[in-house]
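I am opening a notebook on this structure and will write down what I looked up, entry by entry.

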Amino acid sequence: MKTDFYKVSGNKAADHSAIVRAAEIIQNGGLVGMPTETVYGLAASALNTDAAEKIYAAKGRPSDNPLIVHIADPREAEAVAFVPPVYYRLAERFMPGPLTVIMPKRSCIPDSVTGGLDSVAVRCPAHPIARALICAAGVPLAAPSANRSGAPSPTTAEHVRRDMDGLIDMILDGGPSEIGLESTVIKLTDDGCVILRPGAVTEMMLASVLGSVSIAKAVTNPEMVGDKPLSPGMKYKHYAPNAEVILVDASPSAFSEYVKEHISENEAVAVADDAKASFAHCHVLSTGKSTSAKDESRELFALLRKADDLGYRRIYIKLPPATGEYLALYNRLIRAAGGKIIYISR
Ligand code: TXA
Ligand code: MG
């Protein structure tokens, strides 16, 4: 299969015709790589069983791991799920945006989309191209991250091309993803709200609307990486580059000492530009301009892919706190490291 690649350039007529073409592909049961504000998605009609199966095949993903259904307006959730009133309080604050809500599913959503579960994950993305594509296709879009299963999620169209060229019909290039980590996934139950996957909508932000929120244990517990999960996606080793990720829990100075003592020729350390000076004789992979949750989150997946391109055998990364804006990054890093952390006493 030839994969069409289209760079959305701001030329209204040309961009419009690319989106119309992408929508036709979706309506005919095909697959389109689309930009979102979190990571790139691999989109197909969420109402079409065969199309959902094509997604699993292109990703090489186990078909018990359910897909997120993307809508253009928060109210469209009613068409695919049984929506509790509290959803609208969340929608008002966080939608469109990086929040996915799991609710009981309606029968129009095929089992192949939800991996046989009786619930469906719904998200209204903020990215204008994703929204335009959902509207033009006229159906909700099932879209997992557009990486081969197990690889880091794609944050540029080039990442999608590397993983999916020849396997899907079209890729829309909307520039690098702004957030860089996948959406926050929550489940609403009679007992309240539980975070199954942390993202840019944080525990505190959710609690400011809902009062209290709990976090699934596997989100923060390195020993549970690989255990039987609440969310099927949690059980797979994720985001893992070929290079071994060495996660070190230490103060900044203890981290640089540890790295300088252990690093060898074909290994690299991941730090922000503003902390590079402490690693003078090391190969450095940049986590962004500043040591901040936003920069480090946005750059993580590109950095893991770059480490492989450059052939590094190991990457040293300082473990961030498992709190606040850093929780999502912490969660992805413990998965990338297969749950292994090196603790340096402070
Ligand atoms: O930011 C995102 O959410 C991106 C963009 C493309 O929107 N999508 C994404 O999809 O990350 P994916 O398929 O890579 O991750 C979906 C996660 C998986 O961990 C899956 O197990 C979980 O959501 N999930 C989906 N439906 C579920 C359900 N009904 N119950 C529990 N977990 C569910
Ligand atoms: Mg994924």
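In which sense do β12 and β16 pair, and over how many bridges? I found that β12 and β16 pair in the parallel sense over 3 bridges, where helices (H or I, at least four residues) and strands (E, at least two) are DSSP runs numbered from the N terminus, and two strands pair if DSSP finds at least two bridges between them. Within this pairing, Leu247 stands opposite Ile341 in β16.

Before going further I noted that this is a predicted model, in which local features need pLDDT of at least 70 and side-chain atom pairs count only at pLDDT 80 or more, while totals for chains, interfaces and linings use all residues. Residues are numbered from 1 along each chain as its sequence is written, chains are lettered from A and ligands numbered from 1 in the order in which they are written, and side-chain values use heavy atoms, with hydrogens and water left out.

**The parallel sheet**

I looked up the whole sheet to which these strands belong, and its 5 strands form an open sheet in the order β14-β13-β15-β12-β16, with parallel pairing. The edges are held by β14 (283–286) and β16 (341–343), each with a single partner strand, so one side of each is left without a neighbour in the sheet. On average, and with direction ignored, neighbouring strands of this sheet are turned by 30° against each other, the axes being lines fitted to C-alpha atoms, for helices over the stretch in contact, and angles running from 0 to 180 degrees between N-to-C directions.

I then followed β15 (residues 314–318), which pairs in the parallel sense with β12 (residues 244–249) over 5 bridges; here Ile246 stands opposite Tyr316. Strand β13 (residues 267–271) also pairs with β15 in the parallel sense, over 4 bridges, and Ala268 has Ile315 as its bridge partner.

Which strands does helix α11 touch? Helix α11 (residues 327–336) packs on the sheet and touches β12, β15 and β16, its direction making about 130° with that of β12; contact means heavy atoms within 4.5 Å.

Most peptide bonds are trans.

**Between the domains**

The domain assignment, whose bounds come from an automatic or database source, gives domain 1 (4–224) and domain 2 (244–343). Their C-alpha centres lie 28 Å apart, and 27 residues of domain 1 are in contact with 22 residues of domain 2.

How much area do the two domains bury between them? Domain 1 and domain 2 bury about 1800 Å², 60% of it on carbon and sulfur atoms, where buried area is the accessible area (1.4 Å probe) that two parts lose on being put together, summed over both. Pro152, Leu181 and Pro222 supply 32% of the area that domain 1 buries against domain 2, more than any other three residues.

Across this interface the rule finds 3 salt bridges, a salt bridge being a side-chain nitrogen of Lys or Arg within 4 Å of a carboxyl oxygen of Asp or Glu. I looked up Asp309 and Arg162, whose side chains meet in a salt bridge (3.0 Å, N to O). Asp309 lies in helix α10 (residues 293–309) and Arg162 in helix α7, so the pair ties together parts that are 147 residues apart in sequence.
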